[in-house]
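I open this notebook to record what I looked up in one protein model. The entries follow the order in which I turned to each topic.

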Amino acid sequence: MTHLGMARKLFKAFVTKYFYDWDLERPVYVLVASAQLHLVFALWTPMKTIIFTAPSFLHGPLSCMAAIGYLIVLISSANIDHFHLFGVKQSMGLHPTWRGLKLRGIPVFVTVGLYNYMRHPLMTGFLVAFWLSPVFTLGRLLFCVMTTVFVYVTVFYFEEPDLKQDLGEPYIHYLKTVPAFIPNGSTS
C-alpha cells in the first residue's frame, strides 16, 4: 500500500517541502515499504490447505519459469538502475544521471532493455514468479489474487495516468505501441 500513497506526486511534494530533503524521499519510501513487508511476514498466518498440485513432471518446469520471473525482476531493476530504485544513491547524496538528465525531481522516461518490450517488466516478473508454482495453497492463491488486483489497479489507475501527465506525448505513444505486461514482439 505504500506505493499507492508515498509514490504519488502530492505526497512527495508534501513531505519534501515540510519534512525532509528530496534526497531522502526514495530512501524513506524504501524504508517504510520494507517495514510494512516485514510486518506482513511477521504477522502472516499460513493457510496451508492445498488447492492445486501440478503433476510431478511439471514441478521442475514451473519452478524454472518462476525463477525466470525473478530474473525478469532483476534485469528490469538493472535497466532502470538498482541503486537509484532502492534509494541508495539518493541516501548517499549522489545525483545520478540517466542519458544526461539529472534525476533529482525530473521525470525520466526509460525504454531500454525489457522496457522496449513491455511497459511494466518489474510487475510482470513478480506476477510470473508468484503465479507459476507447482503447489498452490489457499494462502498462495489469496496472495496471488490480491497482488494481481493491486498491480492492475496501481498500474492502470495511478502510475500510468501520472506518467501520461508527467511525460506527455512520448509516454502516450509508448502506451499505444508497447504492451503493459505481455511482450508481443513490438518495441518502442
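**Entry 1. The surface patch.** I began with a nonpolar patch on the surface, formed by Leu-37, Val-40, Phe-41, Trp-44, Leu-142, Phe-143 and Met-146, which together have about 700 Å² of accessible area. I note the rule for patches: they are made of residues with over 30% relative accessible area and no salt bridge, like charges being joined within 9 Å and nonpolar side chains (Val, Leu, Ile, Met, Phe, Trp, Tyr) within 5 Å. Accessible areas come from the Shrake-Rupley method with a 1.4 Å probe, and for residues only the protein chains shown count as cover. A salt bridge is a side-chain nitrogen of Lys or Arg within 4 Å of a carboxyl oxygen of Asp or Glu.

I then asked which helices supply at least two residues each of the nonpolar patch. They are α3 (25-43) and α8 (138-167). Helices (H or I, at least four residues) and strands (E, at least two) are DSSP runs, numbered from the N terminus. Trp-44 is found in the loop between α3 and β1 (50-53). Trp-44 is partly exposed, with a relative accessible area of 40%. The classes are buried under 20% relative accessible area, exposed over 50%, and partly exposed in between (1.4 Å probe, protein chains only).

**Entry 2. Basis of the values.** I record that this is a predicted model, in which local features need pLDDT of at least 70 and side-chain atom pairs count only at pLDDT 80 or more, while totals for chains, interfaces and linings use all residues. Residues are numbered from 1 along each chain as its sequence is written, and side-chain values use heavy atoms, with hydrogens and water left out.

**Entry 3. The whole chain.** I looked up the secondary structure, which comes to nine helices and four strands. From the N terminus on, the order of elements is α-α-α-β-α-α-α-β-β-α-β-α-α. The protein has 188 residues, of which 32% count as buried. The protein exposes about 11,400 Å², and carbon and sulfur atoms supply 72% of this area. Among contacts (heavy atoms within 4.5 Å) between residues at least 6 apart in sequence, 70% join residues at least 24 apart.

**Entry 4. The cores.** Which residues make up the largest nonpolar core? I found eight: Val-73, Leu-85, Tyr-115, Leu-122, Leu-167, Tyr-171, Tyr-174 and Val-178. Apart from this core lies another, of five residues, among them Leu-127, Val-151, Val-155 and Ala-180. Such a core is a set of buried Ala, Val, Leu, Ile, Met, Phe, Trp, Tyr and Cys residues joined through side-chain atoms within 4.5 Å. In soluble globular proteins, nonpolar side chains tend to be buried together. Not counting residues up to four places away in sequence, Val-73 touches Leu-122, Gly-125 and Phe-126.

**Entry 5. Helix α7.** Phe-130 has its place in helix α7 (residues 121-131). Beyond four places in sequence, Phe-130 touches Tyr-70, Phe-136, Arg-140, Phe-143, Cys-144 and Thr-147. Gly-69 is 61 residues from Phe-130 in sequence, and the two are 8.1 Å apart in space, C-alpha to C-alpha.

Trp-131 also lies in helix α7. Trp-131 is partly exposed, with a relative accessible area of 32%. A polar contact of 2.7 Å joins the side chains of Trp-131 and Thr-148. A polar contact is a pair of N or O atoms within 3.5 Å; within protein, one must be able to donate a hydrogen and the other to accept it, and residues adjacent in sequence count only if both atoms are side-chain atoms.

**Entry 6. Around Glu-160.** The structure holds one salt bridge. Here the side chains of Glu-160 and Arg-119 meet (2.7 Å, N to O). Glu-160 lies in helix α8 and Arg-119 in the loop between β3 and α7, so the pair ties together parts that are 41 residues apart in sequence. Both Glu-160 and Arg-119 are buried.

His-120 counts as buried, at 6% relative accessibility. The side chains of His-120 and Glu-160 are joined by a polar contact of 2.6 Å.
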